[in-house]
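Open the model in your viewer and keep the selection tool at hand. The stops below each say what to select and what is found there.

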Amino acid sequence: MSNTINFGVSPYRTVLSINRVNSLLADNMERLSSGLRVNRAADDPSGLAVATKLASKDSSAAAALRNISQGTSLIATAEGAMGEIGNILDRMRELAVQSANGTLTSSQRSDIDDEYEELAAEIDRISASTEYNDINLTDGTTSSLSVQVGIDGSSSSQIELSFSDVDSTALSVDTSSLDLSTASGASSAITAIDDAIDTIASERASLGASQNRLNAAANYMTDMRAATQAGRSSIMDADMAFEIAESSRLQVIQAAGIAALAQARNI
């Protein structure tokens with residue numbers, strides 16, 4: 001190897017090495033400061049494309065979970081109204097049994113019928129006023145609606161909920177159909193009220209089944225979100241332990257290069 005007295009090839013190689021290490025160290029510091037392995041598309045083009053799609057699915061899954069929560073609240077509202085109507089029907093049946101007793105006077109039966117009429121009116125009021133977000137649930141206005149529980153536009157991403165009219169007329173316990181002011185009328189009312197109780201029980205069971213289905217959908221969507229977030233994290237997030245170790249390694253190389261360059265200048 002020839003000897004030179006000017007700035008020769010070897011120092012230039014040292015400068016190139018230092019510049020390369022500086023560039024690597026700058027990228028390393030960016031990953032450490034952001035916590036991300038991919039800070040721009042150039043870092044991992046295909047990985048960024050996959051991570052972007054996963055992020056979109058994650059945000060959509062979060063919206064679906066909110067939809068499910070609202071659907072569950074809607075069902076609870078309707079089921080609560082039907083539960084109270086069921087309680088009223090129980091009282092109506094009690095009144096019918098009482099009025100069917102032959103030991104009562106006409107005046108006493110008339111008093112019983114007055115209470116029955118008030119209870120029928122309360123059933124109508126509950127049926128007409130039960131709503132969620134301005135959606136009527138128990139007056140026959142809304143027969144069904146769909147809850148978006150998935151993240152695509154297919155029918156499999158929706159759960160349909162059904163609702164029925166449960167006012168006194170629909171249940172056949174209205175005051176024009178039943179009359180407790182006579183013993184015979186009270187006896188006939190018992191069977192009609194039993195049918196209404198069965199109807200309410202069936203409607204509540206249907207809503208309960210739908211609520212359980214929504215709960216299952218929420219559990220699935222929660223698991224899917226966790227898997228999606230883990231997949232995106234594996235692409236985007238930096239391995240902090242590795243990056244810290246890499247930072248130390250690059251800083252040592254950088255310091256050694258600078259020392260070598262200083263030594264070359266002193267020769």
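What is the volume of the second largest pocket? The second largest pocket has a volume of about 170 Å³. A pocket, on a 1 Å grid over the protein atoms alone, is an open set of points where a 1.4 Å probe fits, with protein on both sides within 12 Å along at least five of seven lines. Grid points are joined across faces, edges and corners, and the volume is the space filled by probe spheres set on the points.

Before going further, note that this is a predicted model, in which local features need pLDDT of at least 70 and side-chain atom pairs count only at pLDDT 80 or more, while totals for chains, interfaces and linings use all residues. Residues are numbered from 1 along each chain as its sequence is written, and side-chain values use heavy atoms, with hydrogens and water left out.

**Stop 1: the pocket lining**

Select Asn 67, Gln 70, Gly 71, Leu 74, Tyr 132, Asn 133, Ile 135, Leu 145, Ser 146 and Val 147, which line the second largest pocket; a lining residue has an atom within 4 Å of a point. H2 and S3 are the elements that give two or more residues to this lining. H2 gives the most, with 4 residues. Helices (H or I, at least four residues) and strands (E, at least two) are DSSP runs, numbered from the N terminus. Coloured by class, the lining shows 5 nonpolar, 5 polar and no charged residues. Here Ala, Val, Leu, Ile, Met, Phe, Trp, Tyr, Cys and Pro count as nonpolar, Asp, Glu, Lys and Arg as charged, and the others, Gly among them, as polar.

**Stop 2: the loop between S1 and S2**

Stay with Asn 133, found in the loop between strand S1 (131–132) and strand S2 (135–136). Phi of Asn 133 is near 55°, a positive value in a residue other than glycine. Asn 133 is exposed, with a relative accessible area of 62%. Exposed means over 50% relative accessible area, buried under 20%, and partly exposed in between (1.4 Å probe, protein chains only). Now select Asp 134, in the loop between S1 and S2. Phi of Asp 134 is near 65°, again positive in a residue other than glycine, and Asp 134 is exposed at 72% relative accessible area.

**Stop 3**

Is Ser 127 buried or exposed? Ser 127, found in helix H3, is buried, with a relative accessible area of 1%. Leaving aside its neighbours within four places in sequence, Ser 127 is in contact (heavy atoms within 4.5 Å) with Thr 138, Asp 139, Asp 165, Val 166 and Asp 167.

Next select Gly 140, in the loop between S2 and S3. Gly 140 is partly exposed, with a relative accessible area of 41%. Apart from neighbours within four places in sequence, Gly 140 is in contact with Ser 164 and Asp 165. Draw a C-alpha to C-alpha distance from Gly 140 to Phe 163: they are 7.3 Å apart in space and 23 residues apart in sequence.

**Stop 4: the nonpolar cores**

A nonpolar core is a set of buried Ala, Val, Leu, Ile, Met, Phe, Trp, Tyr and Cys residues joined through side-chain atoms within 4.5 Å. Select Leu 89, Met 92 and Val 173, which touch the most other members among the 42 residues of the largest nonpolar core. At least two residues of this core come from each of helix H2 (45–99), helix H3 (106–129), strand S3 (144–148), strand S4 (158–162) and helix H4 (183–236). H2 gives the most to this core, with 12 residues. Centre on Leu 89: beyond its neighbours within four places in sequence, Leu 89 is in contact with Ile 123, Leu 171, Val 173, Ile 193, Ala 196, Ile 197 and Ile 200. A second, separate core of 5 residues includes Ala 51, Leu 54, Ile 235 and Met 236.

**Stop 5: the cavity**

Select Asp 27, Glu 30, Arg 31, Arg 37, Asn 39, Arg 40 and Asp 43, which line the largest cavity. A cavity is a set of grid points where the 1.4 Å probe fits but cannot get out. Its volume is about 30 Å³. By class, the lining has no nonpolar, 1 polar and 6 charged residues.

**Stop 6: the whole chain**

Zoom out to the protein chain, with 5 helices and 4 strands. Its radius of gyration, taken over C-alpha atoms, is 38 Å, well over the 18 Å that the globule rule (2.2 Å times the number of residues to the power 0.38) gives for 267 residues, so the chain is more spread out than a compact globule. The C-alpha atoms fill a box of roughly 130 × 30 × 25 Å along the principal axes.
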